[in-house]
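The following note sets out numbered points on the model shown below.

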Amino acid sequence: MLQYIVKRILIFIPTLIVITLLGFIISINAPGDPVERMVSSSQNNGEQGAQSISQKEQKKFWCSKLGLDLPVFYFSLTSLACPDTLYKIYDKNEREALGRLISKYGNWQEIQKYYSSLIRFNEFQLVFVADSNLLKQYDKSAVLETMNQIRFESSALKASYESSVIEAKNIKISNLISSYPFLSSLKPAFELVKQNYYSIEKNSSTWKNYVPRIAFYGFQNQYHRWLFGDGGKFSKGLLFHGDFGTSYVTHQPIADVIYSKIGWSLFFSMLSVLLAYLVSIPIGVKAAANRGGRFDKISSLVLFLLYSMPSFWLATLLIMTFANTDVLHWLPASGVKPALGYPDGASFFEMMKISFPYIILPAICYTYSSFAFLSRTMRVSMIEIVNQDYIRTAKAKGLTENKVIWKHGFRNALLPIITVFANVFPAAIGGSVIIESIFTIPGMGSETIYAIQNNNYPMIIAVLTITGFLTLIGYLISDILYAIVDPRISFK
Amino acid sequence: MEEKKSHIENEKIELGSEKDFSFRKYAWRQFKKNKLAYYSFRILIFLIILSVISPVIATDEPLYCKYKGVNMFPAFSLFNKCEIKNVDGSSEIIQYDITDWKRLDATTIIFAPVAYAANKTDYDNADYVSPGGGQVFKDKEGKLLKMPIKFRHWLGTGKAGEDVLSGLINGTRISLSIGILSMLIASFLGIFLGAMAGYFGDHKLQTTRGSFWTMAIGLLMAYYYGFSVRYYNIIDGFATSGIAVLFQLLISILIFLSVLYLFYMLGKRVGEISFLSTPVFIPVDSIVSRIIEILISMPLLILIISISAIAKERSIINLMVIIGLTSWTGIARLTRAEFLRISNLEYIQAAKSMGFKEYRIIFRHALPNALAPALVAIAFGVASAILIESSLSFLGIGVPPETITWGALLSAGREQYSAWWLVVFPGLAIFLTVTIYNLLGEGLRDALDPRLKK
């Protein structure tokens with residue numbers, strides 16, 4: 001038995017790794033630039049120039065905090081044209097622009113020259129200060145406007161890749177520079193940029209894009225850091241410390257958010273599993289015992305209809321009927337506790353008593369679908385058992401109907417319903433997304449929806465990974481239960 | 001006499017069908033015996049027809065209109081406008097989608113049965129007018145009249161005056177097409193992978209060492225030339241439209257397959273070299289089973305939500321592909337189990353001994369006998385795909401916001417609980433469709449499984 005459990009856990013490990021990989025792939029393909037979001041949400045209002053410098057520092061800080069300055073994976077399949085060091089460019093748009101340039105022209109040397117001259121031009125015009133004597137002749141605001149435009153265009157140039165766009169921007173910047181004579185000192189730097197761009201086009205080596213190459217990066221990569229952390233500097237690692245990273249919305253650690261939210265979700269899923277088993281087993285057994293009888297027919301029909309009922313419809317209907325001031329206002333429509341919260345020093349039972357009316361409707365919605373499913377499974381497996389020879393023997397011995405059903409049949413009929421346990425558990429978590437958001441329960445489900453609406457990817461990935469993990473555990477538990485209930489099963 | 005003859009003929013036909021007893025006929029007869037399943041099958045066909053003709057029966061453009069002596073068929077027309085020459089030589093252009101047909105001075109005009117489009121609003125009946133409530137109609141002079149029966153909102157209106165019935169009819173198309181097309185993808189994947197896993201197992205697909213490694217490199221290469229090199233093309237496709245994505249993906253898959261084929265041919269040659277010709281087995285079953293295990297350990301709804309969260313463009317096609325790619329596991333498991341059983345049967349052995357090619361045995365001889373359980377799983381799968389789509393629309397994540405689906409209609413009802421018709425009717429539509437597919441699945445299961453024969 002122990003050997004079997006150990007073996008099962010060993011099989012889980014590769015599955016778990018693939019789940020983390022899947023979550024990781026989704027997170028790195030997420031649209032938008034996380035660094036940009038982090039910086040813009042914690043921006044300070046400084047002066048234009050000062051701000052852009054501090055913004056750059058901030059970008060660098062968040063980049064290394066989120067681990068985006070590392071290569072993505074242990075290795076990658078790239079082309080001969082692609083350099084190993086492209087990941088070091090932390091601006092997502094610039095990186096993409098360079099990638100596209102490479103895929104178009106295939107000569108990294110030239111592109112690198114172009115890019116560094118462009119950066120130099122950008123830096124140069126940031127520190128460029130015109131002679132104040134020369135400035136006096138012109139309208140100050142117009143000059144400032146021109147300078148800003150040059151700045152804007154040249155930083156936009158870094159993120160552009162289509163030749164028509166680049167050429168248009170080149171012309172525009174040239175015109176802007178030549179509009180004032182004192183800007184002419186910017187000219188040579190920009191001429192270099194232009195020249196370098198033309199030499200990219202001239203010396204293109206597209207063939208390099210069609211030669212594959214595998215680049216190895218070693219352990220210094222995003223995935224490795226995500227799993228194992230970087231020694232506690234920015235991330236402790238998911239595997240041993242459960243560190244899922246930082247929320248894009250609140251800048252809190254994800255693990256803290258989950259810890260504060262998972263309580264109600266667990267409460268509801270436990271409650272629903274318990275209720276579902278408590279109600280469905282007697283119904284299934286009773287229906288099977290009098291197969292074809294009135295109870296069987298009616299319960300089968302009702303269960304089938306319940307089974308096909310969308311949970312969000314039932315939830316909306318329930319709210320519409322029982323929590324509507326126009327119809328019946330018996331129960332509150334949303335939340336899990338009064339708006340004012342619990343009274344101070346309330347014990348757990350008092351809290352439950354206060355929350356009870358809030359819990360009724362969500363609990364019904366949580367329970368009914370797994371309850372319908374379980375009853376149907378129970379009925380089918382019980383019917384199979386009732387037709388077995390040993391049940392007939394038991395009846396022939398003269399045992400009472402109840403004893404035959406509950407003592408001899410029931411235990412054996414439990415088998416399929418236990419395997420189902422593995423499916424009920426994750427379903428309670430996955431299904432909670434809808435119900436929690438309808439009833440505004442502060443749990444994992446509404447947090448997931450909130451994360452999706454705000455593109456908070458670390459949260460989404462965390463939910464995905466945790467639920468995958470829980471499902472695996474559910475399978476393990478159901479396997480062990482199976483072994484306990486049925487001694488015939490051997491795990492060799 | 002006539003009657004008697006036909007009676008005899010009927011008997012003959014029945015006897016005949018007993019003679020050339022085919023499983024398909026038997027299953028169909030069994031299926032027809034199950035009244036509930038049979039009626040849901042007929043309702044399903046009705047729904048499919050409804051969804052195909054929905055652009056014509058629920059639209060504000062009239063089916064036929066005679067205006068100033070010109071005949072027009074706006075609802076059927078592929079063009080959006082019609083130019084009308086007046087007597088004095090000036091011309092008037094009627095643009096179909098923005099013309100106010102209900103107040104047009106037409107000689108004859110025939111409206112669709114539901115004379116409203118799903119995405120257009122009736123401002124006179126805005127702000128939740130109930131199905132039985134006092135609906136009004138503004139005539140040409142701007143006078144408010146009682147609503148004429150042919151323009152009634154039979155199922156009420158939404159907040160901005162959207163017709164609920166029209167939304168329901170047009171939503172049928174989206175729900176059914178997502179359900180059916182996503183399951184089409186899932187069935188292809190599930191049946192193919194399940195068949196491979198079940199038929200070959202871990203120790204039957206034999207190849208040479210040289211061929212194996214060539215194919216391994218070939219897979220990498222095929223991926224490289226098909227997808228890595230064309231990475232930006234595919235991304236740009238995603239940014240443009242669903243059709244562009246499909247086109248780009250199709251090209252990529254073609255490149256992928258042809259590179260793979262090249263390496264397959266190469267592998268055959270490499271396998272002839274003496275030290276590379278050692279036979280190896282490809283553990284198809286283990287690979288497929290692992291993939292299934294991984295997919296089923298992910299909660300489908302959350303997986304689909306996270307994938308659709310990163311898709312740049314929200315589109316129905318994206319949703320179909322995502323649902324299809326994630327929900328094939330049930331079909332694959334059943335097909336695999338069935339193939340495990342069938343591959344040991346005598347007629348397969350016979351086919352092998354006759355020297356038939358493997359793919360011919362799999363697809364011509366084994367597959368038709370293994371399809372029954374998969375068919376049941378597909379019927380249930382369509383039901384759950386429709387549920388997933390409507391849940392996503394209900395949450396406002398799946399389809400583009402301007403698309404009108406059942407889930408989106410239902411979600412609009414949550415803003416105003418007194419507008420019960422916005423909650424009840426779309427929910428009923430989802431519920432009915434899901435029930436129909438579930439009943440169909442049950443009926444199929446009973447009909448196709450001879451073990452349940454009484």
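**Note on salt bridges, domains and the chain contact**

1. B:K68 is partly exposed at a relative accessible area of 46% (buried means under 20%, exposed over 50%, partly exposed in between, with a 1.4 Å probe and protein chains only). B:K68 forms a salt bridge with B:E92, the closest N and O atoms being 2.8 Å apart (a side-chain nitrogen of Lys or Arg within 4 Å of a carboxyl oxygen of Asp or Glu). B:E92 is partly exposed as well, at 24%.

2. This is a predicted model, in which local features need pLDDT of at least 70, side-chain atom pairs count only at pLDDT 80 or more, and totals for chains, interfaces and linings use all residues. Residues are numbered from 1 along each chain as its sequence is written, chains are lettered from A and ligands numbered from 1 in the order in which they are written, and side-chain values use heavy atoms, with hydrogens and water left out.

3. Over all chains the count is 18 salt bridges. One of them joins B:K120 and B:D60, at 2.9 Å from N to O. B:K120 lies in the loop between β5 (108-110) and β6 (136-138) of chain B and B:D60 in the loop between α3 (35-57) and β1 (64-67) of chain B, so the pair ties together parts that are 60 residues apart in sequence (helices, H or I, of at least four residues and strands, E, of at least two are DSSP runs numbered from the N terminus). B:D60 is buried at 11% relative accessibility, whereas B:K120 is partly exposed at 29%.

4. The contact between the chains takes 52 residues from chain A and 48 residues from chain B (heavy atoms within 4.5 Å). The area buried between them is about 4500 Å², with 76% given by carbon and sulfur atoms (accessible area, 1.4 Å probe, that two parts lose on being put together, summed over both). A:L77, A:F312 and A:W313 supply 14% of the area that chain A buries against chain B, more than any other three residues.

5. Between chain A and chain B there are 2 salt bridges. B:E442 and A:R376 form a salt bridge with closest N and O atoms 2.6 Å apart. Helix α19 (residues 457-485) of chain A gives the largest share of the side of chain A that touches chain B, 9 residues.

6. An automatic or database domain assignment divides chain A into domain 1 (31-66), domain 2 (91-97 + 105-211) and domain 3 (254-485). The C-alpha centres of domain 2 and domain 3 of chain A are separated by 62 Å.
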